Amino acid sequence: MAESGIGASVPRTEDQRFLTGSGDYTDDTTFPHQTHAAFVRSTHPHASFTLDTTAAASAPGVVTVLTGADLAADEIGTLICGWQVTGKDGEPHKAPPHPVLAVDTVRHVGDAIAIVVAESARAARDAAEQVEVSYAPLPAVVSMRDALADGAPQIHSDAPGNLCYDWEIGDRAATDDAFARAHHVARLDLVNNRLIPNAMEPRSAIGDFNPASGDYTLRLTSQNPHIHRLVLAAFIQIAPEHKLHVIAPDVGGGFGSKIFIYQEETAVLWAAGKIGRPVKWTADRSESFVADAHGRDHESHVELALDADGRFLGLKVSTLANMGAYLSTFASCVPSYLYGTLLQGQYTTEAIYCEVKAVFTNTTPVDALRGAGRPEATYVVERIVDQAAREMGIDAAELRRRNFIPADAFPYPTKVALEYDSGNYRLALDRALEIADYGDFAARREASSARGRLRGIGLSAYIEACGIAPSQVVGSLGAGVGLWESGGIRFNPTGNVLVYTGSHSHGQGHETTFAQLVSDYLGVPFESVEVVHGDTEKTPFGMGTYGSRSLAVGGSALVKAMDKIIAKGRKIAAFTLEASEEDIEFSGGDFAVAGTDRSMNIAEVAFSAYVPHNYPLDELEPGLEETGFYDPANFTFPAGTHVCEVEVDPETGTTEIVNWVAVDDFGNVVNPMIVEGQVHGGVAHGVGQALLEGCAYDADGQLLTGSFMDYTMPRADDLPDMTVETTCTPCPHNPLGVKGCGEAGAIAAPAAVMNAITDALGTNAIDMPATPQAVWRALSE
Amino acid sequence: MPVNVSMNVNGRAISEEVEDRTLLVELLRETLRLTGTHVGCDTSQCGACVVHVDGRSVKACTMLATQAHGADVVTIEGLAEGGKLHPMQEAFRDNHGLQCGFCTPGMVMSALDLVARNPDPTGPEVREWLEGNLCRCTGYHNIVKSILAGASTMRGGS
Ligand code: FES
Ligand code: FES
């Protein structure tokens, strides 16, 4: 292993600019003649309204005030949902129009009504206050049960009963049959609390329009600039695709929330076209709270049927999933195909049935958030497994071992439409228990108890489907686009390399990891490799970064491009060295004639490719540049076991996490340091969900947790030091053998924490977030 | 109402006319184009905006520019000398103490104030000190590790 090659913890290239304050985030840019936008937002969860913009339009510094009526006049489309889910009745989901600026009706607090463009951000904000909105409040529904009740207020005329879809997966009859044979049935009602994503960089966008060329430019906080361009061009129709240049520069975290095509970025781009000047908008954190798509928000009833030995016969899950007021970009697939399909967990459960009702409410739209559906699935499975273990008096680890899919059973077809490709679940569990000193837990519990504390230990043996996605599979499930990825390799004449990827880094470190991969595979120095991403004019069309897909899909696309580079290099070397192509061997950056000492380094090959005097042009073209596209045959299936140990103070209800162990199987690992960092961050997100973060609306639909003062983010002293290890069963179907690591922690952690807390408390009567108040109440009841 | 503010920023004397309600962070980012100092919230909670004013860490979103009149201000841009990273910056890189980098300038500036007050902090002391700095990416594990390593180097340790 080279110092910078695959498997080395290379310090990150991008850190130099981030550490010196020279990063290039969207809001850091200021264009000449730039204007600033502020949005007028609904203060009501549901209301019809009329607008008077006269005073605002003549306020100091105001350039223009634009509304939904102006959008309609320009024939600008509405926002779309890119994944069509088909319900039990064979009908497509309901996707009511989601206007870029609300027209006559607002449906959640924060719904954008008008955009005010002014010479300064302050002038825009001051003027936004002067837009007069006369609301006629309509009855609002906040809870999913209320929304589904007979006679509930209707949020959209074309979504009767506020139902987006009623969907199912699995085999109902077989599952009923399994329950009929059960020796024991464990039951739980679970709430998967609504989260607010809160990437630390608020969303931001600068639209620009060049009247001379007709070209639009949008610089924004995006995880997938090409998807933004496609949707803004093809569906919302602001500009044709070749006239729209989208740039996602440095992006300060995404976690899913910067995938989507939102009201604000769209309005900013359109407004720039209308005034022929750059328009910039950067969200206040308060705006992020009401306008960034939220995550999770499920209510589930789950039942697990077991035989006398504790073998899982059947799993039945019934879930309500909140969509919020409109169907966001990928919202529909999250509680269906990214959720129901993962209910097999790591187990051989013989029959599974799951039904999901997706529900509209007068709340901020809900969409994918770190893990997206898979944390919800793992939460359901791992909570009910622990519950069954307790009820049957079987050790929680032992019950899992009895039911694991054995390591020799792969590929393993699940009962819920997937085929797991590889794994060794027992290995990860046993290693995690060893590090966590599971065997000695009883003694630690006693020591805690002597100090008046309640100690608990919780396991979470999670699974996820990553490397999203095999286009054929997702297409058959309703995805509007295939989810392949692109990669380009361009050698310059002097032998250094530009790497173009359609994926996007917003903290994951692609500039380092991808450079390691290319340097290792092509035998060029790490320092000579530059990774280019996030710009639709520079990189080939690509699908972006989410679902832990960048290395598994984007990295594999680079391998395809590099294989083409090597094939061409072989031709060039054969021609130059006067040998036959078949005799050229490539290794460590050198093309050598087999059995001789004649060879050319790839840098020499590149030079020759750009300065050819005598190439036989019919057979050999100049240049050394190739593009590859990779579409995986299957998802990847990272899995592992996390162990959480807690100590609860019964006097105050405070929970302290005293130990965290993560053993994950991500397949092959390119940069272990970066992978560990991804696990730490994911775990923090999951611990946040379990202990601290809970989005709350009051009964009238006002967001109660609308700032960092009210919404508890995990802070340094809420989290423990973590022990992170990996096991490895390489992914068998991508050339790198990698599986993806970005979401694992967020998927594993909530169940681990809650299993530890319920173990400590000896009661199940507690939901996330297990705040001190919730714990204290659970103990007092 | 426009007012004049003068101060030293990263060792350079500046004097600007600004609107009286201008925040220090707005002066830094918008007027002086020192965009390394970030804004992550509107309630003084996240710490992305931390700079040093007369040697103390301050949330630049919570202070008017006029309040820093006459002060010595150091931002993240003022740490590296002649292209060489400050040992605390170095420690963040070596220990993967950053991912998206958005919280990082505030984290580094805050860490330096901690080390100035407590040159040899423990892990729990670092965690407690970071109460005012939010990070969504790293889970803090490697930030704590970085600060401990940076403090050690600054003490002249290895
Ligand atoms: S910007 Fe969040 S504390 Fe200053
Ligand atoms: S590194 Fe992204 S918020 Fe801290």
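Me: What is the handedness of the crossing of H11(A) and H12(A)?

Reply: In this predicted model, H11(A) and H12(A) cross in a left-handed manner. The residues that make this contact are Ala397(A), Arg400(A) and Arg401(A) on H11(A), and Arg426(A), Leu429(A) and Leu433(A) on H12(A).

Me: Why are H11(A) and H12(A) called roughly antiparallel?

Reply: Helix H11 (residues 396–403) and helix H12 (residues 425–435) of chain A pack at an angle of about 165°, their axes being 10 Å apart. Angles over 145 degrees count as roughly antiparallel, and H11(A) and H12(A) are therefore described in that way.

Me: What makes up the contact of H11(A) with H12(A), by class?

Reply: There are 3 nonpolar and 3 charged residues, and no polar ones. Ala and Leu count as nonpolar and Arg as charged.

Me: How do you know that domain 2 of chain A touches domain 3 of chain A?

Reply: Residues whose C-beta atoms lie within 7 Å are in contact. Contacts link 18 residues of domain 2 of chain A with 16 residues of domain 3 of chain A. On the domain 2 side, 10 are nonpolar, 6 polar and 2 charged. The C-alpha centres of these two domains are 40 Å apart.

Me: Which residues does the assignment give to domain 3 of chain A?

Reply: Domain 3 covers 484–630, whereas domain 2 consists of 295–469 + 634–780.

Me: How many residues of chain A are in contact with chain B?

Reply: On chain A there are 42, which meet 44 residues of chain B. H18(A) supplies the largest share of the chain A side, 7 residues.

Methods: Residues numbered from 1 in each chain as written. Chains lettered and ligands numbered in written order. Predicted model: local features only at pLDDT ≥ 70, side-chain atom pairs only at ≥ 80, totals over all residues. Contact = placed C-beta atoms within 7 Å. Helix = DSSP H or I, 4+ residues; strand = E, 2+ residues; numbered from the N terminus. Axes fitted to C-alpha atoms, helices over the stretch in contact; angles between N-to-C directions. Parallel < 35°, antiparallel > 145°, perpendicular 65-115°, else oblique. Left-handed = near helix turned anticlockwise from the far one by under 90°. Domains from an automatic or database assignment.
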